[in-house]
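Trainee: Please take one part of this model and look at it closely, and then connect that part with what lies around it.

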Amino acid sequence: MRLLASALVAFLMTAGTVAQQRPAGTLTPQLESLLRTIKSADKGQLAVSEEDGRFLRVLVATRAAKSILEIGGASGYSGIWLGLGARESGGRVVSIEYDAQRAREAAENVRRAGLTDVVRVVPGDAFKEIPKLQGTFDLVFLDAWKPDYQKFFDMVYPRLAPGGVFVAHNVVNKKNEMEPFLKTVHTHPSLFTTIVSPSGEGMSVSYKVK
């Protein structure tokens with residue numbers, strides 16, 4: 001009876017441990033709270049939606065992206081999601097934000113998220129800062145001034161690695177502000193592109209053929 005009772009106790013303890021395990025990729029309560037705080041403070045609605053953020057995380061991880069560039073980091077919300085993907089891919093994120101105050105907020109939010117080892121926030125004009133970066137990019141996420149999308153694409157495309165992915169935000173709800181860019185990514189001979197809408201904002205996802 002003692003052996004049976006001991007075995008039952010061990011089974012219940014093991015079952016309890018399994019039941020308490022969280023699904024892979026589940027955010028900690030602290031990180032969930034931080035992300036909610038960033039969103040609630042985002043009066044200008046510059047951050048991506050939670051659904052879009054989750055999509056970016058999955059995209060970085062599944063692409064196994066090592067070098068990730070974010071153009072238009074705002075207060076760090078999307079940079080955190082990209083950083084979480086980079087945790088899985090072994091990658092690094094450079095997030096460029098033009099507004100100095102938002103860049104400081106982004107750096108602090110990345111620090112609070114515990115991602116300073118994988119996400120680097122760079123304050124300044126992306127047109128000036130991108131040429132200072134070394135190497136090619138496996139994934140680029142563009143969420144800056146919409147009329148500049150074509151200019152940013154022209155600058156970054158030559159440095160997008162073969163098999164790289166170029167992602168642009170707001171291509172549904174603000175598509176009229178970026179028509180030249182959308183025409184380019186849909187007709188470019190070395191890209192194939194799809195539009196996804198985890199939320200109503202929309203993202204173009206363009207794959208650079210090897």
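**A close look at one strand pair**

Mentor: β4 and β5 run parallel and are joined by five bridges, where two strands count as paired if DSSP finds at least two bridges between them. The names come from DSSP runs numbered from the N terminus, helices being H or I runs of at least four residues and strands being E runs of at least two. Before going further, please keep in mind that this is a predicted model, in which local features need pLDDT of at least 70 and side-chain atom pairs count only at pLDDT 80 or more, whereas totals for chains, interfaces and linings use all residues. Residues are numbered from 1 along each chain as its sequence is written, and side-chain values use heavy atoms, with hydrogens and water left out.

Within the pair, leucine 139 stands opposite valine 165 of β5. Nine of the 10 residues of β5 are buried, which leaves the strand mostly covered; buried here stands for under 20% relative accessible area, exposed for over 50%, and partly exposed for what falls in between, with a 1.4 Å probe and protein chains only. Glycine 164, which lies in β5 (residues 160-169), is buried because its relative accessible area is 0%. If neighbours within four places in sequence are set aside, glycine 164 is in contact with Arg63, Asp138, Ser206, Tyr207 and Lys208, a contact being heavy atoms within 4.5 Å. Isoleucine 68 is 96 residues from glycine 164 in sequence, yet the two C-alpha atoms are 9.9 Å apart in space.

Further along the sequence, valine 167 is in contact with Leu56, Leu59, Val140, Phe141, Leu142, Met203, Ser204 and Val205, again leaving aside neighbours within four places. Beyond four places in sequence, threonine 193 is in contact with Val185, His186, Ser204, Val205 and Ser206.

The pair also has a place in the packing. In soluble globular proteins, nonpolar side chains tend to be buried together. The largest nonpolar core holds 33 residues, and Leu31, Ile68, Ile80, Leu82, Leu115, Leu139 and Val167 touch the most other members; such a core is a set of buried Ala, Val, Leu, Ile, Met, Phe, Trp, Tyr and Cys residues joined through side-chain atoms within 4.5 Å. At least two residues of this core come from each of α2, α3 (50-63), α4 (77-89), α5, β3 (119-123), β4 (137-142), β5 and β7 (203-208). With six residues, α4 gives the most to this core. There is also a second, separate core of 26 residues, which includes Phe137, Leu160, Ala168 and Val171.

Another parallel pairing is that of β1 (residues 67-71) with β2, over five bridges, in which leucine 69 has valine 94 of β2 as its bridge partner. Five of the six residues of β2 are buried, so this strand is largely enclosed by the rest of the structure.

The largest pocket has about 510 Å³ of space and 27 lining residues, with Leu46, Gly72, Asp143, Ala144 and Trp145 nearest its centre. The elements giving two or more residues to that lining are β2 (92-97) and α6 (126-129). On a 1 Å grid over the protein atoms alone, a pocket is an open set of points with protein on both sides within 12 Å along at least five of seven lines, a cavity is a set where a 1.4 Å probe fits but cannot get out, and lining residues have an atom within 4 Å of a point. Grid points are joined across faces, edges and corners, and a volume is the space filled by probe spheres set on the points. The second largest pocket has a volume of about 160 Å³, and α5 gives the most to its lining, with four residues. The largest cavity has about 30 Å³ and is lined by Ile38, Asp42, Leu46, Ala47, Ala74, Ser75, Gly76 and Tyr77.

For the chain as a whole, there are eight helices and seven strands, and 48% of the 210 residues count as buried. Of the contacts with a separation of 6 or more, 74% are between residues 24 or more positions apart.
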